[in-house]
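Trainee: Could you take me through the aromatic side chains in this model, with a close look at how their rings pair up? I would like one connected account that I can follow on the structure.

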Amino acid sequence: MSTYRDLNDRGSARATVLRTVGTRERRSHLSAPRVPTVGIDIGGTKVMAGVVDADGTILEKIKTETPDKSKSAKVVEDTITELVLDLSDRHDVHAVGIGAAGWVDADRARVLFAPHLAWRNEPLRDSLQARLAVPVMVDNDANTAAWAEWRFGAGRGEDHLVMITLGTGIGGAILEDGRVKRGKYGVAGEFGHMQVVPGGHRCPCGNRGCWEQYSSGNALVREARELAAADSPVAYGIIERVKGQIPDISGPLITELAREGDAMCVELLQDIGQWLGVGIANLAAALDPSCFVIGGGVSAADDLLIGPARDAFRRHLTGRGYRPEARIAKAQLGPEAGMVGAADLARLVARRFRRANRRRVERHERYERYAQALRNGGSARASRTTPQEPQP
């Protein structure tokens, strides 16, 4: 896979360098090694892996279906390992970054919980490092997507950025001064579970009225199916398109019909967009970012969704008319954002790992010279060549 395969005594050095990444992201990404790394995006339905260069360009991408959530964690790790080894046959892989749809601890070592996979306090980083023999970085997929948009996409040049990912639910991430803000326990950015309607729709998280029950792919599909099931006249267009098979109604189909001018689908996207704007206004009151980046599959609706979100944001913004308004932009990197961001964050780990190994090699060479001096010139000469510990 790479020269890292041949290095010994990696464990303690890796543990040290991995813990230092979070506090140095802003200045480190500019001087990280310009080497190819692999980014992996793990979702509920697919695992996407790609080799990404230092400019965010995808050199090669492959994907496969996510193993069924009832299967063991090892099955998912096997899938990841196979994808990385496949890519390493054609590329010199220096590190691997994982963007996981779940809660990742503050050390970015364990997946605490993943709703679509059998991961419960899973030591994913250490398990994969042992199998791949290269540094591995694990993070939440929304964090990796936000990092990619800040580095290469819609968030370039922003010092205070919030990303919102609209998929089956709502994920999110916060970047401040070029650092991902993960919170004390690593689970910051779970915006989808803010309560916006007390006593509202039941959420799978166990609470009622969560934001993602009103502004997400699931909310969009739920509303369309309810109208279709009630045989509402406004739903005749979509009922005809799915030939009466209501379970076939999907988010992409609703977006397609909205672009064709279907009044119900346009209205549903407007409703989702308005709830999106309300939530963004609440986040602006709490976080005051300069930019909101909207990503995820639902964002493919473009201005059918984001236009109403901007209008609702302006109507609900605290202090409206007397404060600067954050920019609301659609993400630019599409479904590859999480993969690209994971690969780029992994480059930071690769840099520290390379540096730690270089220092270890330098120490070894000093002691080798000292031992050689003892053999060749005796104690007097050795005293003049006693090795000194290299400075950090």
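Mentor: Happy to! A residue is called buried when its relative accessible area is under 20%, exposed when over 50%, and partly exposed in between. Please keep in mind that this is a predicted model.

A pair of aromatic rings is described by the distance of the centres and the angle of the planes. Three aromatic pairs are counted here. One of them joins Trp147 and Trp150: the ring centres are 5.1 Å apart and the planes meet at 50 degrees, so this pair is tilted. Both residues sit in helix 5 (residues 141-152), and because they are three residues apart, about one helical turn separates them. Trp150 has a relative accessible area of 9%, which means that Trp150 is buried. Trp147 is buried too, at 0%.

Now move along to Phe292 and Phe313, an edge-to-face pair with 6.2 Å from centre to centre and 70 degrees between the planes. Phe292 belongs to strand 12 (residues 291-295) and Phe313 to helix 10 (residues 303-316), so the pair ties together parts that lie 21 residues apart in sequence. Phe292 is buried, with a relative accessible area of 0%, and Phe313 counts as buried at 2%.

For a contrast, look at Phe113 in strand 6 (residues 111-113). Its relative accessibility is 36%, so Phe113 counts as partly exposed. Together with Trp103 and Leu112, Phe113 makes a nonpolar surface patch of about 260 Å².

Methods. Residues are numbered from 1 along each chain as its sequence is written. This is a predicted model: local features need pLDDT of at least 70, side-chain atom pairs count only at pLDDT 80 or more; totals for chains, interfaces and linings use all residues. Side-chain values use heavy atoms; hydrogens and water are left out. Patches are made of residues with over 30% relative accessible area and no salt bridge: like charges are joined within 9 Å, nonpolar side chains (Val, Leu, Ile, Met, Phe, Trp, Tyr) within 5 Å. Accessible areas come from the Shrake-Rupley method with a 1.4 Å probe; for residues, only the protein chains shown count as cover. A salt bridge is a side-chain nitrogen of Lys or Arg within 4 Å of a carboxyl oxygen of Asp or Glu. Helices (H or I, at least four residues) and strands (E, at least two) are DSSP runs, numbered from the N terminus. Buried means under 20% relative accessible area, exposed over 50%, partly exposed in between (1.4 Å probe, protein chains only). Rings of Phe, Tyr and Trp (its six-membered ring) pair if their centres lie within 6.5 Å; planes under 30 degrees apart count as stacked, over 60 as edge-to-face and the rest as tilted.
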